Amino acid sequence: MINLLDFNKTELVRFCGEMGEKPFRAQQLLRWIHQFGKTEFTEMSDLAKVFRQKLTECAVVQPPEIVSDYTAEDGTRKWLISAGSGNAVEMVFIPEPGRGTLCVSSQVGCALACSFCSTGRQGFNRNLSVAEIIGQVWLANRLLEADNQDRLLPDTAQTQAGKQEARRPVTNVVMMGMGEPLANFEHLVMALDLMLSDDAYGLSRRRVTVSTSGLVPALDRLRERCPVALAVSLHAPNDALRDVLVPINKKYPIRELLAACERYLPAAPRDFITFEYVMLKSVNDSVVLAQELVQVVKNVPCKLNLIPFNGFPGSGYERSDTQAIHNFRDVLMQAGIVTTIRRTRGDDIAAACGQLAGQVRDKTRRTSAYGTNQTAMVK
Ligand code: SAH
Ligand code: SF4
């Protein structure tokens, strides 16, 4: 059976063509699947009966299964999603006034092994399929819509626009869940395509952010294929320190990474790159390193996003003190770099940045170096 969630518009047009159908059928299918959240072909009323019958015989619309659902005190929601064979990934919804951000996973685990990241500690199993990536957006919208419907006021009490709003809970997507999105490039691009497509989710490029630890050649390809907003995990101002925190730096050192960022900018939907910088106590949070960071990024139009480290069992790191984070920020701000401190959301359910662990059956055998991955599993 073909899972139609695996197809973007181009693929669906091809698929419809193979079935002797006109290209506009692909547009209708996309709308039924992604905008109305339908999985049953029998419900897709403007498709010819014969076509619906043929679809039933060869295709399905199959989102991944939800394993569990947690809600944090601050309203952050986390779902564990089955990826088969004992694997699971996580997605997190962060509600804020006027917008809802979904943090989406791209891989089961991650092979890049950043030392402060729970996912990185778990090793790597496999890339998620397009259906599993876009399926997270599909699922979150359905699940949250169902919640909103429960809370809807009687028809007379709300405007049509208000109802529309209630139907599209996910307004922003950040590829900041488990995995390195650029290491699953083709599936990522196909899923991004659906996020942006007017027939599917219709999100603007600036509302979709890819976060990467810095795979330089893939960054260049993203610029050519689908230049959405970009966040780069920098975490250190020099190669000696970054080699330790983000091991892929040995392959793509800071200078090459920053050059790729400069190449990306002309195609980017925003005129700056966001650099993420996790604040690790006594590791990368001194004023001297802040000053070094200013020198390193001064030629790249950028914003700095400081992420207070989120702990997980056995990490070996501590979060920087609030005062150290403020001092670090002040150095950057005084140099004219817009700097924000990321608010920690959902840490009571281990849903904050870097705490996503899911269930990863490591195929790289790296976890043995840290003991079993049970310790880092979802509580
Ligand atoms: N693989 C991508 C995206 C996923 S991680 C990347 O590395 O960019 C999203 C962000 O959370 C990254 O900036 C990552 O470095 C950061 N992060 C990872 N572990 C963290 C932790 N324990 N505390 C705070 N941030 C963390
Ligand atoms: Fe992978 Fe990103 Fe975690 Fe590094 S921080 S191990 S790249 S998910």
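At 30% relative accessibility, Lys281 is classed as partly exposed, because that class covers the range between the buried limit of under 20% and the exposed limit of over 50%. The model in which this residue sits is predicted. The side chain of Lys281 meets that of Glu318 in a salt bridge, with 3.8 Å from N to O. Lys281 belongs to the loop between strand 12 and helix 11 (287–297), while Glu318 belongs to the loop between strand 13 (302–308) and helix 12 (322–334). The two residues are 37 residues apart, and the pair links distant parts of the chain.

Salt bridges elsewhere in the model share partners: Asp220, Arg223, Glu224 and Arg263 are joined in this way into one network. Over the whole structure, the search finds 20 salt bridges.

Strand 12 (residues 273–279) contains Glu276, whose partner Arg342 lies in the segment after strand 14 (338–341).

Lys78 is in strand 4 (residues 77–82) and Glu90 in strand 5 (residues 88–96), twelve residues apart. Lys78 has a relative accessible area of 1% and is therefore buried. Glu90 has a relative accessible area of 0%, so this residue is buried as well.

The nonpolar side chains can be followed next. The largest nonpolar core has 117 residues, and the members that touch the most other members are Leu4, Leu29, Phe116, Met195, Leu222 and Phe275. Helix 5 (residues 130–151) supplies the largest share of this core, with nine residues. The core draws on both domains, taking at least three residues from each of domain 1 (2–60) and domain 2 (66–376).

Which residues is Phe116 in contact with, leaving aside its neighbours within four places in sequence? The contacts of Phe116 are His235, Leu245, Val246, Val278, Leu280, Phe309, Phe312 and Tyr317.

How values were computed
Residues are numbered from 1 along each chain as its sequence is written. Chains are lettered from A and ligands numbered from 1 in the order in which they are written. This is a predicted model: local features need pLDDT of at least 70, side-chain atom pairs count only at pLDDT 80 or more; totals for chains, interfaces and linings use all residues. Side-chain values use heavy atoms; hydrogens and water are left out. A nonpolar core is a set of buried Ala, Val, Leu, Ile, Met, Phe, Trp, Tyr and Cys residues joined through side-chain atoms within 4.5 Å. Buried means under 20% relative accessible area, exposed over 50%, partly exposed in between (1.4 Å probe, protein chains only). Helices (H or I, at least four residues) and strands (E, at least two) are DSSP runs, numbered from the N terminus. Domain bounds come from an automatic or database domain assignment. Contact means heavy atoms within 4.5 Å. A salt bridge is a side-chain nitrogen of Lys or Arg within 4 Å of a carboxyl oxygen of Asp or Glu.
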